[in-house]
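My entries follow the structure itself.

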Amino acid sequence: MTAVPPASDAVAGQAPAPLRAAVRQLDFFYGDTQALKAVELPIVEGKVTALIGPSGCGKSTLLRCFNRMHDLYPGNRYEGEIILYPEGINIVAPDVDPLLARLRIGMVFQKPNPFPKSVYENVAAGLHVRGLRNRTEIGHRVEAALRQAALWDEVKDRLQESAYGLSGGQQQRLCIARTLAPEPELILLDEPTSALDPIATAKIEELMDELRGAYTIMIVTHNMQQAARISDFTAFMHLGQMVEYDVTDRIFTNPAEERTRAYVTGRFG
């Protein structure tokens, strides 16, 4: 396995890149089954990092470690660290409240999952969790999030209608707006376009490109063309291990590992 370089070494000749998070020697177990093995991964602030690899390789498992979703099921456990900067908190440490991670790290899932509420209340949900009560401020934050998600013009006259009345692509952008409203430090996207048609997929990809810089984004995708289009860094995983991490162009044009080369050229996976 090629050693995963620190982000500061990923682009030769450039100044060290600031990190938003770093995975260090992370193991994860579903009961007695080990799903992640000594994973190392830097997450560069303000950039898009794509996780690629065949089904069952651990991509989504790793992503869900970041907001402690595995804690919802008994018998799961973490060993190692996911450090969240700038404080240097290990968010998978047993003494760290999972709510801390979930407040700071937003997640969008493979299939749109709006709440059975109005469009407005879907976006405001995270603000209520954070304790925000000022209606004027909530209204401003809801509008700002919908604008960031490129959805405002389509729903501004439907804010009090059920979110279930939106199309699939609109529902997914609504879920992204819901994630953006509390201003998370890191956004996790777990195959966010796999259930969408090409037009809706293109809108989500355009949105991610617009959010780059203002937010740090991690995306799991089976679509290698998508990873090549939208990500700054790409990590290839196989059998629960981090095989290779590099700037996206190098992963797809000149990977260091033969397993990476075989995957990106379609010889397996």
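I took two strands as paired if DSSP finds at least two bridges between them, with helices (H or I, at least four residues) and strands (E, at least two) being DSSP runs numbered from the N terminus. This is a predicted model, in which local features need pLDDT of at least 70 and side-chain atom pairs count only at pLDDT 80 or more, while totals for chains, interfaces and linings use all residues. Residues are numbered from 1 along each chain as its sequence is written, and side-chain values use heavy atoms, with hydrogens and water left out.

**Entry 1, the four-stranded sheet.** I looked up the pairing of strand S4 (residues 76-84) with S5 and found two bridges, the strands running antiparallel; the bridge partner of isoleucine 83 is asparagine 90 in S5. Both strands belong to an open antiparallel sheet in the order S2-S1-S4-S5. Strand S2 (33-44) and strand S5 (89-90) are at the edges with a single partner strand each, so one side of each has no neighbour in the sheet.

**Entry 2, the six-stranded sheet.** Here the order is S6-S7-S8-S3-S9-S10, in an open sheet with mixed pairing. Strand S6 (105-108) and S10 are the edge strands, each pairing on one side only. Strand S7 (residues 186-190) and strand S8 (residues 216-220) run parallel and are joined by five bridges, with leucine 188 opposite methionine 218 in S8. H6 packs on the sheet, touching S6 and S7 (contact means heavy atoms within 4.5 Å), and its direction makes about 175° with that of S6; axes are lines fitted to C-alpha atoms, for helices over the stretch in contact, and angles run from 0 to 180 degrees between N-to-C directions.

Which residues of H4 are buried? I noted Ile138, Arg141, Val142, Ala145 and Leu146, where buried means under 20% relative accessible area, exposed over 50% and partly exposed in between (1.4 Å probe, protein chains only). They lie on the same side of H4, because they cover an arc of only 130° around the axis, taken from the directions from the helix axis to the C-beta atoms. Thr136 and His140, on the other side of H4, are exposed. The buried residues pack against helix H3 (119-129), helix H5 (152-155) and helix H6 (168-180).
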